[in-house]
Amino acid sequence: MKLVSGQLPWEITIPDPPEYPVLEQDITCDCLIVGGGMGGAMMSYRMSLSGAETVLIEKRKVGTGSTHANTGLLQIANDKSLTACMNTFGEENGVLFYRLCQQAMSRILELSGKLDIDPQIIERSSLLYASSPEDVAMLKLENENLIKHGFDSEFWDEEKVRSHYSFSKPAALYSRGDAETNPLRTVHSLIHKAHAGGVRVYEQTEALHYEYNEDGVICHTANGRIYAKNVVFAMGYETQEMKKDRGAELINTYAIMTEPLSSLPKWHERSLLWETARPYLYFRTTPEGRIIAGGKDEQLTSVERREVRVLSQCERLVEEVTALFPELKGIKAEFSWGAVFGSTHDGLPYMGSHPEYPHCYFIEGYGGNGTVYSMIAAELLADTLAGKVRPELELFSLTRSAKPAPSPAVQP
């Protein structure tokens with residue numbers, strides 16, 4: 001599966017990334033991680049702290065799959081609001097999901113001081129603005145539910161939004177505790193640290209097929225076999241080529257990164273910006289004074305069609321930036337790209353075991369908060385492999401109903 005198209009921005013930020021050998025012999029391990037993207041990186045780092053013998057393989061070079069297209073917004077809030085999660089899954093589970101995201105964000109913010117390669121994780125506030133006046137009531141209810149359950153949130157009216165930004169919106173929710181990151185540097189820094197902690201890493205080593213036995217899994221590669229007690233599949237959207245999740249949907253999404261700007265517009269705390277409309281637009285800055293914008297999601301097409309659409313969709317994203325910040329009229333996108341993006345019908349990622357794959361676990365961080373989901377999965381699965389029961393995994397079950405029965409509407 002070709003995951004990305006267009007001009008990608010992150011390689012220039014880490015010109016000499018760590019490199020790892022090709023597997024050329026038979027080996028054994030407690031845990032085999034398949035995939036060197038964000039999910040595999042988070043899992044390998046977490047496993048390096050556990051002392052378990054761990055191996056990570058990546059069929060390409062580390063970080064060259066969907067990581068290239070990741071725009072690096074890390075948030076507690078999700079594509080699916082807390083109110084919507086409570087209505088769909090019940091108040092307890094809806095709050096549990098948001099609480100897990102909050103805890104994962106805290107762990108992500110702690111990473112910079114623990115890694116040898118700077119992942120460029122920078123704490124940011126977020127502003128979720130109403131795309132239309134009709135969305136104001138929804139934002140008010142969301143704000144009340146967030147505050148009720150102890151999450152950071154402030155309701156801003158139109159005047160307050162205008163006083164902090166160079167645009168005006170009917171209303172917004174302002175929150176703290178989110179972050180931006182350089183996703184490629186984050187993946188490399190995590191795997192580099194995991195490798196230093198004893199995880200064996202092999203690049204350009206593709207799993208050709210698996211044997212599932214009573215005592216573990218044998219992974220066959222071109223030049224060697226891996227005898228693993230357990231396997232964690234962290235293959236991102238390519239998981240759908242291995243097993244089709246009926247509740248998952250793949251689409252095309254697009255993003256741009258502008259040239260460096262001499263000065264940024266009025267932009268309070270350089271916060272992460274996104275909107276209530278679905279599909280939504282989002283915006284962030286970079287340490288170099290660039291602007292990243294993303295969105296314009298559309299139905300999955302052929303790779304060739306996506307290649308053609310990158311130019312027109314990314315031109316529209318430039319127009320969206322200047323619509324929000326008119327003083328930036330005339331800016332240019334230095335990088336423009338399109339990519340496969342995955343979501344689920346119920347708004348939750350998939351993580352955990354599957355009855356058809358013994359001794360195996362999956363990390364499928366589908367949705368706009370994939371990096372945060374990867375941190376959640378790494379914690380839950382590492383504990384599970386260590387023999388600790390994590391009932392939270394039931395929420396993300398791979399065999400859950402694709403269309404959960406909604407609970408009665410939640411009021412604040």
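The structure is a predicted model, in which local features need pLDDT of at least 70 and side-chain atom pairs count only at pLDDT 80 or more, while totals for chains, interfaces and linings use all residues. Residues are numbered from 1 along each chain as its sequence is written, and side-chain values use heavy atoms, with hydrogens and water left out. Helices (H or I, at least four residues) and strands (E, at least two) are DSSP runs, numbered from the N terminus.

**Cavity and pocket**

- The structure holds 1 cavity of 30 Å³ or more, where a cavity is a set of points, on a 1 Å grid over the protein atoms alone, at which a 1.4 Å probe fits but cannot get out.
- The largest cavity contains about 40 Å³ of space, a volume being the space filled by probe spheres set on grid points that are joined across faces, edges and corners.
- Its lining (residues with an atom within 4 Å of a point) is made up of Leu 100, Gln 103, Arg 107, Ile 376, Glu 379, Leu 380 and Arg 390, with α3 (91-110) and α9 (370-385) each supplying at least two of the lining residues.
- That lining has 3 nonpolar, 1 polar and 3 charged residues, where Ala, Val, Leu, Ile, Met, Phe, Trp, Tyr, Cys and Pro count as nonpolar, Asp, Glu, Lys and Arg as charged, and the others, Gly among them, as polar.
- The second largest pocket (an open set with protein on both sides within 12 Å along at least five of seven lines) has about 380 Å³ of space, and of the 26 residues that line it, Ala 77, Tyr 98, Leu 128, Glu 142 and Trp 274 are the closest to its centre.
- Two or more lining residues of this pocket come from each of α3, β5 (122-129), α4 (136-148) and β7 (171-180), and β7 gives the most, with 5 residues.
- By class, the lining of the second largest pocket has 11 nonpolar, 8 polar and 7 charged residues.

- Ile 376, leaving aside neighbours within four places in sequence, is in contact (heavy atoms within 4.5 Å) with Leu 100, Cys 101, Ala 104, Met 351 and Phe 396.

- Helix α6 (residues 183-196) has 14 residues and reaches 20 Å from its first C-alpha to its last, close to the 20 Å expected at 1.5 Å a residue, the expected span being 1.5 Å times one less than the number of residues.
- Because 10 of its 14 residues are buried, α6 is largely enclosed by the rest of the structure, buried meaning under 20% relative accessible area, with a 1.4 Å probe and protein chains only.
- The cover over the buried residues of α6 includes α1 (38-48), β3 (54-57) and β8 (200-202).
- Thr 67, in the loop between β3 and β4 (73-74), is buried at a relative accessible area of 5%, and the residues in contact with Thr 67, leaving aside neighbours within four places in sequence, are Trp 10, Gly 37, Met 38, Pro 183, Leu 184 and Val 187.

**Cys 85**

- Cys 85 is found in helix α2 (residues 82-89) and counts as buried, at 0% relative accessibility.
- Not counting residues up to four places away in sequence, Cys 85 touches Lys 80, Gly 90, Gly 94, Phe 97 and Tyr 98.

Notes
Buried < 20%, exposed > 50% of the residue type's maximum accessible area, 1.4 Å probe, protein only.
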